Structures are given as C-alpha cells and as structure tokens.
Amino acid sequence: MKAWRSFEQDIFGELKVRYKGAKVLHDVKLEGRLSGVKRQADIVLRRKKFGREIVTVFEAKFYSKKVDVKDVDSFVGFLDDVGADQGVLYTNVGFSDAAKRRAEAASPRIEVDIYPLFEYAPFQAECAIPYHGDRGVVVLAPIGWVVDGRNYGRGQPPCYLYRRGQTLEEASTSGVVAYLQFWKKDDTAKSIEELIDFQTTRLTQHYGADCDAEIAYDLGACGQRISVRDTKLPNGMREVAGYSEFEDFICFSVLVDLGGYSFRPVTKMQELIGSIFPVHMRHK
C-alpha cells in the first residue's frame, strides 16, 4: 500500500473509533451546491447535535513539504461548495504560519483546522479522564482543541480545554478557554434544570441585572441528558455552559466568550458535552 493511502486509512480508522455511533464514511462523493458537480472527499463525518446535522470533512495531506496557504484556500472553497460545517486538514509534515492564519479566518460559517499529528505540549491530549473523588468522565476535545490535564493547584478545575497550539495562559488572554467541573447532586440541585437555575441566579446576583439565557436539551453519547445554556451577560460578554447528567452527579463545562471569537462557542460546547461518558474511579 502506498504511503499516502496508508496515512489516509490510519486516519479513517482512528476517526471511526473516536466517533463511534456516528456516520464516518471513507472516499465519499459529495454534491457541489455551487459547482453543480460531484466532489470527492477523503473522509466525511455526519453527526446530529441538538436537532441539527453537523457535517465535517477530513482531508489527508501526505506531503513532502508543509501545507501552505494555497492548500487551505482550496480546502475552504471545497467546504463551501459541498456545504460542510467543519473541515480538518491532516498533515504529516506540519503547516506554514500563513496557512494557520488562513484556517483560523476561514469564514463566519465554516470552521477549518489543520491537524499536525505531532503537535501536543506536555499534559495536552485529544482525550482525557478528569475526575473528582470516585466520579470521573471520559472527555473528547472538540475539533481543533486539546484537553489540558495539568495540575494547576488547589481550587482549580480538573481540566481546561482550549485551542491546540496554545498554552492555558495564551488561551486565557485570547478569551477562548473552557473548564470542566463536577457537581454532586444535593438539595441545592438534583437535576440539570435546578443547576441551571442555581447558576443563573448566581450570575444575576453578581451582575445586579437579569441575564438572558437560551437553553437547549438533547441526549449524549451514552444516552444521558445533556443541555447547553447560552447566556448574554450585562457586560456584553457571553457565558456558554454545557451539562451532562448522570445518576448521582452532573458534569458541566463553562466557556466565557470575551468577544471576537470567530469559531462558534455554542457549537464547541455542544460537541464537547455530547461526547462525555462516565467512569467510576477506584483509588488505591
């Protein structure tokens, strides 16, 4: 088997494992809504989240040189033609700075990422098992993001999530960072609805004004109830929170959008919270 074909097959196999339960298709012909012709895609992922289908196209670029801005330009045009929501370019050799900037500013509608297989800092990964006591979850980072499991000290959450290629400090400065936390069900909140009410009340008390929130519900990877709360804060920022409810606890994540975030925070939260499933931790 040729090296480029083996590279593509390896990516396809990895994606089938990562997105178990979703439709992951290899070597697909998609209808070009602008060109009017069939377009070939290496791998297509189709998922339903909160009543809407999300289409992600993956392309494997096995090159002898870095992916450049022309490659990204071509890919953005292809994604627009086939009506995809997201696109990921896998590369074996990395990408130029111009290519990265072009991907980050693809379009208001389409999210594009370039995925070098070797770009991870210590304590960063696509997947992690954060926990609190004997309660834990398996969490998959949204496309283009990493899970940071470094121990940042007492009082800090079990993990942070932010864009790959950054540190937590850089992500915090840019305003694109989420954290994940656990809530043990008690008299204060025994359900997602009660926890959302509790947190919304706290926000109102903090800002001294009502916070307008849009709330949606769905089912997660293992059939659990999930929800995303999109709250407009009085200071002009947004707080997007996701909830995944299990028997005796709720795992939730919070992302504060400081503004100017080109990628969609609600879509990211839907992707994150919908992939979570629980594990029981046994300590020795």
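The largest nonpolar core of this predicted model holds 23 residues, and the members touching the most others are Val137, Val139, Trp145, Leu161, Leu180, Cys251 and Ile276. Here a nonpolar core is a set of buried Ala, Val, Leu, Ile, Met, Phe, Trp, Tyr and Cys residues joined through side-chain atoms within 4.5 Å; buried means under 20% relative accessible area, exposed over 50%, and partly exposed in between, with a 1.4 Å probe and protein chains only. At least two residues of this core come from each of strands S9 (135-140), S10 (145-148), S11 (159-163), S12 (177-184), S14 (225-232) and S16 (249-257) and from helix H6 (265-274). Helices (H or I, at least four residues) and strands (E, at least two) are DSSP runs numbered from the N terminus. Leu161 makes contacts (heavy atoms within 4.5 Å) with residues including Val139, Trp145, Leu180 and Leu272, leaving aside those up to four places away in sequence. A second, separate core has 22 residues, among them Val67, Val72, Val82 and Ile114.

Residues are numbered from 1 along each chain as its sequence is written. Local features need pLDDT of at least 70 and side-chain atom pairs pLDDT 80 or more, while totals for chains, interfaces and linings use all residues, and side-chain values use heavy atoms, with hydrogens and water left out.

Ile192, Leu195, Ile196, Gln199, Thr200 and Leu203 are buried in H5. Just after H5, Gly208 adopts a positive phi of about 70 degrees.

A pocket is an open set of points on a 1 Å grid over the protein atoms alone, where a 1.4 Å probe fits, with protein on both sides within 12 Å along at least five of seven lines; lining residues have an atom within 4 Å of a point. Of the 22 lining residues, Lys20, Gly21, Ala22, Arg47 and Lys49 are the closest to the pocket centre. Strand S2 (38-49) is among the elements that supply at least two residues of the lining, and the largest share, four residues, comes from S2.
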